[in-house]
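Subject: Structure for you to look at

Dear colleague,

Please find the structure below. My notes on it follow.

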Amino acid sequence: LVTSRDEVLSTAGSWYTYCPNNLALEEAEAAGCERVAFVGVPCQVTPVRKMQQADPAVLVNEKKKEKHLDRQTRFMKGFGERVSLAIGLLCTEVFTYEGLMVEKIQGEMGIPLGEVEKFNVKGKVLIYKKGGELVEMPLKRAQEYARPECHHCGDFSAEVADISCGGVGSMDWTIVILRTKKGEEIFDRLVADGRVETRSMDEFESSMKILLRLAQRQHERVPVPPGRAPEWVR
């Protein structure tokens with residue numbers, strides 16, 4: 001949870017290991033934050049949307065006291081209702097820290113983690129050392145350490161977010177997908193205020209092709225139950 005401009009800037013960057021961002025909503029409640037922007041990977045944005053759309057009427061029955069209903073409703077809806085903007089990150093999988101960073105990169109590859117300046121994934125793993133050296137590793141070697149749950153995720157591009165962002169197929173630029181009216185209004189305001197520099201997606205034709213291909217491939221990860229057509233789950 002960050003609450004100031006300086007904190008936002010100081011914590012900018014990507015973690016390729018799993019970070020339970022949804023738990024920050026509890027911190028936001030404790031801090032009295034009523035309107036927050038939530039940033040997370042697709043499997044974190046989706047439960048936020050589910051909380052926002054949940055119907056508290058399912059909690060009602062004759063045996064529950066009013067105070068119990070109030071507490072359960074607050075728990076069911078309260079965290080989601082604090083989210084005014086959902087920003088989703090493009091994601092195929094995240095990796096276990098002990099497996100990829102400690103066992104593979106530090107252990108097998110002999111790169112002390114204290115020497116790693118930056119870490120990126122662009123079809124391959126890019127490890128930037130503090131001295132300026134770049135070490136590359138095939139992505140398949142990293143995927144051995146992907147969280148097992150990620151192999152069943154069908155959402156690559158955070159389809160229910162207000163804004164989706166990621167660096168797919170591009171260096172030094174972020175691909176931005178505006179998905180809702182709110183997301184579009186906020187992004188247009190940033191552009192009008194000169195806070196972001198934009199280029200047309202037409203200049204990133206390769207990125208668009210990769211994005212669509214990865215989104216389709218990830219949809220196909222979701223298993224189809226016996227007797228059902230693929231369209232039933234996709």
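Helices (H or I, at least four residues) and strands (E, at least two) are taken here as DSSP runs, numbered from the N terminus. On that basis the protein chain has 8 helices and 7 strands. Please keep in mind that this is a predicted model.

Overall, the C-alpha trace of the protein chain spans about 65 × 55 × 40 Å along its principal axes. The chain has 234 residues, of which 32% count as buried. Taking contacts between residues at least 6 apart in sequence, 58% join residues at least 24 apart.

Ile87 has Ile163 in E6 as its bridge partner.

Another open sheet consists of 3 strands, ordered E3-E4-E5, with antiparallel pairing. Here the edge strands are E3 (116-121) and E5 (134-138), each pairing on one side only. Neighbouring strands are turned against each other by 15° on average, direction ignored. E4 (residues 124-129) pairs with E5 in the antiparallel sense over 5 bridges. Lys124 is placed opposite Pro138 in E5. Helix H5 (residues 97-108) lies across E3, E4 and E5, running at about 110° to E3.

In soluble globular proteins, nonpolar side chains tend to be buried together. The largest nonpolar core here has 15 residues, and the members that touch the most others are Leu100, Ile105, Phe119, Val125, Ile127 and Ala142. H5, E3, E4, E5 and helix H6 (139-143) each supply at least two residues of this core. The element that gives the most is H5, with 3 residues. Apart from this core lies another, of 13 residues, including Ala28, Val45, Met51 and Ala86.

What does Ala142 contact, leaving aside its neighbours within four places in sequence? The partners are Phe95, Leu100, Val125 and Met137.

Aromatic rings and charges

A search of the whole structure gives 3 aromatic pairs. One of them joins Trp173 and Phe204 in a tilted arrangement, 6.3 Å centre to centre and with 55° between the planes. Trp173 is in the loop between strand E6 (163-166) and strand E7 (175-178), while Phe204 is in the loop between helix H7 (181-192) and helix H8 (205-219), so the pair ties together parts that are 31 residues apart in sequence.

Are the two residues of this pair buried or partly exposed? Trp173 is partly exposed, because its relative accessible area is 24% and buried means under 20%. Phe204, at 13%, is buried.

Two charged side chains also sit over rings. The charged end of Arg147 is over the ring of Tyr18, 4.2 Å from its centre. The charged end of Lys118 is over the ring of Tyr128, 5.5 Å from its centre.

Regards

Definitions and conventions: Residues numbered from 1 in each chain as written. Predicted model: local features only at pLDDT ≥ 70, side-chain atom pairs only at ≥ 80, totals over all residues. Heavy atoms only, no water. Pairing = 2+ DSSP bridges. Axes fitted to C-alpha atoms, helices over the stretch in contact; angles between N-to-C directions. Contact = heavy atoms within 4.5 Å. Phe/Tyr/Trp six-rings, centres within 6.5 Å; stacked < 30°, edge-to-face > 60°. Buried < 20%, exposed > 50% of the residue type's maximum accessible area, 1.4 Å probe, protein only. Lys NZ or Arg CZ within 6 Å of the ring centre and 35° of its normal. Core = buried A, V, L, I, M, F, W, Y, C linked by side-chain atoms within 4.5 Å.
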